[in-house]
Structures are given as structure tokens and as C-alpha cells.
Amino acid sequence: MNGADVAFPHLGIYFSNLPKGITIGGFTIAFYGIIIALGMIGGLFLARWQAKRTGQNPELYMDFALYGIVFAIIGARLYFVIFTWENYKDNLWQIFNIRGGGMAIYGSVIASVITAIVYCRIKKYKFSLFADTAVVGLILGQIIGRYGNFMNREAFGEYTDSLFAMRLKAEQVAASNITDTMRENMEYIDGTGYIQVHPTFLYESVWNVMVLVIMLLRTKKKAFDGEIFLIYLIGYGIGRCIIEGLRTDQLQIGSTGIAVSQVLSGILAIGGTGYYIYRILKEKKKKNVKNPA
């Protein structure tokens, strides 16, 4: 049996000696951070491309990135800290120690949207059009960023022996994310314990690729400005709501045991669907008024 650091045994895929970062001059740079940075850069380039294909000025999105990226990082950290306050209340300086881990994508999304609203008001630009363009970059950043979770051995689900099961060295995983079921099914190779789990980072990444394709295909045929943004809210919301239920590292609402991201995803999916239907019906009504039978 192969004792790789990370493996997908049923697919015959093995990653041996897979480090979590690189060390240069005694300073370690986590692959997580590198991958997140690549996601931001890739997202920016895709948003600029989307702007060009829809007749907008791509520099508008480059300028926004200067603010959007900064506030996205702050938002991601604050969201995580708020829902894990017990870990920080007695040592507030740890809030600023982002190298110790602790970022949440929903915090990033919320902060980015708020920043975009303010930015559009200052620039006197239509927010719904801006959101349709920028959101394709956002979801590409999420797709790429999930592989930072892979390198960190995090954001995985409960034990499984399914086709896509991922096997990890237990010693390289945060102990708090290992459940009793995982321990009961732990395998040992040359004295080293391995857990086998759902690769939820992969599920979400693949799901988001499908959502992105739909968004890009719909762009030239959209019925109203804001439609692509709504497709993101609905598509991402549905996928995250389902996948979040599999994860063992959920941020929860107090001691309720309820995953905050699952609740928020459900609200976005349901609310987005309702508003999307309303807008489609409204656009059809407008066309009927202009072109009566």
C-alpha cells in the first residue's frame, strides 16, 4: 500500500513528499498564500477580459482591484474571527496573525460586494453591470483558491470509501478536523495513520467551474444587468449549501451546531432564485407592453 502524503487510492493518484510551503532564507511561504494570490491575479485578468467582450473599459476593474483585494482579505479574516471568537478573545493580537491560518471565503465575498457598491457610487457606474463583469473573476479566484486548501490538507469532509475518496496522513491534519468515524476507519502504513475523506475542496472547485461556464455562456444573452451576478448567487449558493454539510471544519453559529455558511448559502440560493424569477417576469412584461400581440 502506497504511503503518499496525499492520495486518491481508488483513482490510482498519489502525491508523495508534498510540502505545505517553500522556505527561502529561513522564511517559509505557504503554498496556500501563493495559490490564493494566483487566484486573485487570474480572477482580475478574467474580469478584464469580460469587460472587453462586453464593451466596457477594463481599466475600471484594474483600479477596483487595488481596493477590492485589500478589503477582501480583511473581510475574509474578520468573518473567520467573528465565528471563532473564543480563540481570539484572550489574545487580540492573534487576530492579525493571518499566517497562523483562518480565512473564510464568504467574508471575502461580502467585503468585495460592499467595496464594489461604494466604488460604483464614487465612479457613478452602474453596479449591476459592474457586478456581472467582476463576478466571473471572483468565482475563478474561488476555483483556483480551493487548491490552497488541498495543499494545506484542510476543507475536507467526513470519512468515505467512494470513488473520489482522498487519503491523508493524520499527522498533517488539524486534530480538531478528525472525527470519531475517521479514527475508527483509520488505516496504518508503516506505523503511520491515514484518514480517508471526502475531498470537498475538489467538489466545490468542479461545481464552480460548471457555474462559471454557465455565466460566461449567458453573458451575451442576458435579459438584464445583474443577471450574471444572480446566477453566481444561485449556483454557488446551491453548491456550497450541499457541500458544506459534508465538511468537518464548519464555522458554526455559537453552540447551535448549525453551519453559518450553509445557512447563508441557502438564503442566497433561495433569495437569488426568487429575485431572478421576478426580474425575468418583469422583463417579459416589458416586452409584451412594447410589442402587444
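1. The crossing of H3 and H4 is right-handed. This is a predicted model, and the points below should be read accordingly. Helix H3 spans residues 105-123 and helix H4 residues 127-152; their axes lie 11 Å apart, at an angle of about 155°. Because angles over 145 degrees count as roughly antiparallel, H3 is described as roughly antiparallel to H4.

2. On the H3 side, Ile105, Val109, Val113, Ala116, Ile117, Tyr119 and Cys120 take part, and they meet Phe127, Phe130, Leu138, Gln142 and Arg146 of H4. Sorted by class, this contact of H3 with H4 comprises 10 nonpolar residues, 1 polar and 1 charged.

3. H4 also packs against helix H1 (residues 31-53), at an angle of about 160° and with the axes 7 Å apart. H1 and H4 are therefore roughly antiparallel to each other. The crossing of H1 with H4 is right-handed. In the contact of H1 with H4, the classes are 14 nonpolar, 11 polar and 1 charged residues.

4. Turning to the strands, S3 (residues 21-24) pairs with S4 (residues 27-30) in the antiparallel sense, over 4 bridges. Within this pairing, threonine 23 is placed opposite threonine 28 of S4.

5. Which residue in the turn of the S3 and S4 hairpin has a positive phi? The residue is glycine 25, with phi of about 60°; the hairpin has 2 residues between its strands.

Notes: Residues numbered from 1 in each chain as written. Predicted model: local features only at pLDDT ≥ 70, side-chain atom pairs only at ≥ 80, totals over all residues. Heavy atoms only, no water. Axes fitted to C-alpha atoms, helices over the stretch in contact; angles between N-to-C directions. Parallel < 35°, antiparallel > 145°, perpendicular 65-115°, else oblique. Left-handed = near helix turned anticlockwise from the far one by under 90°. Contact = heavy atoms within 4.5 Å. Nonpolar A, V, L, I, M, F, W, Y, C, P; charged D, E, K, R; others polar. Pairing = 2+ DSSP bridges.
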